[in-house]
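Here is a short note for anyone opening this entry for the first time. Please keep the viewer at hand while reading.

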Amino acid sequence: MKNIILGFFLIVLLGIGIVREPIKETADFIAGASTDTYGTQIDLIAGVSDGGYSEDSLGS
Amino acid sequence: MTLIAGLTILWLILVLLLSKWIRKFNLYLYGIAVIVAVIAFTQETNIFNMGYVGLSFFILVMFASSLSQGFVKKKLMGNRAELAVFGSIFSIGHGLKYIVFAIDFSFLWRAPLYFYIGVASLVVMLPLAITSLMFIRKKMKGKTWKLLHKLSYLFYGAVALHLILINSERLIFYIVVFSLYIIYRGLAWLQAKQQKSLKTHKEMKKGPATA
């Protein structure tokens, strides 16, 4: 019974994940891109602003 | 959430299908995992060095012992050491990547609490990972090994705290997974206690007859 409940929870969480996190972002992230869903929180501490560009960047 | 749950399900399927093969070629598979982790370490943030792969292995390691008896538990317990070593290899890559990142961006001493908890969990994990390797485990006394591996609860707790404090979009996933683990562990503990008292009861009943 415990195994079935755990399996059920895993599948439900996977389902919720697919609904909440766009598949495109997951695929982009696997391919190596930093996305909104999979952006690193630590970027903010290191001084990276939204969009992944440095605030000092001249290119923005 | 998609990635972690998806990877956990994928590893589970692979263990159920290839459990004997994983055990037989574990050293080669460790080698491949180390190569992948080293390559990922040298790259920008990715699926491997962000800790998702490591966590997906540890979810299976965590739940393996508290599952109901049967085919799934048997297979998972048979490959538990391998899963723990894979999880550790990718977690070390993740930890080192962020430590180097913190040094590079000079925030090693002013990082958020979850960073230090993550580093602490890595420190706790290292002896567990090393002693999960069969050739080292064989050199240890069973009791010492068991006692040392009680540290895994501290490790799981630190990992849970690390993930919850990050407060990412996956917070609800982490809360559900670790709450479920606490419930399962509690149930397994109660079951073991019940079985022990039943055994003592039976022995006590037998006692006067054999004396």
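This is a predicted model: local features need pLDDT of at least 70, side-chain atom pairs count only at pLDDT 80 or more; totals for chains, interfaces and linings use all residues.

1. Residues are numbered from 1 along each chain as its sequence is written, chains are lettered from A and ligands numbered from 1 in the order written, and side-chain values use heavy atoms, without hydrogens and water.

2. Start with helix H2 (26-42) of chain B. Helices are DSSP runs of H or I, at least four residues, numbered from the N terminus. H2(B) has 17 residues and reaches 24 Å from its first C-alpha to its last.

3. Buried residues of H2(B) include Leu29(B), Tyr30(B) and Ala33(B) (buried: under 20% relative accessible area; exposed: over 50%; 1.4 Å probe, protein chains only). The buried residues fall within an arc of 100 degrees, so they line one face of the helix. The arc is taken from the directions from the helix axis to the C-beta atoms. On the other side, Leu27(B) and Ile32(B) are among the exposed residues.

4. Next, the largest nonpolar core has 59 residues. Such a core is a set of buried Ala, Val, Leu, Ile, Met, Phe, Trp, Tyr and Cys residues joined through side-chain atoms within 4.5 Å. H3(B) gives the most to this core, with eleven residues.

5. Finally, Ala84(B) lies in helix H5 (residues 80-104) of chain B. Ala84(B) is buried, at 10% relative accessible area. Phe58(B), Val61(B) and Ser132(B) touch Ala84(B), leaving aside residues up to four places away in sequence; contact means heavy atoms within 4.5 Å.

Key. Helices (H or I, at least four residues) and strands (E, at least two) are DSSP runs, numbered from the N terminus. The expected span of a helix is 1.5 Å times one less than its number of residues.
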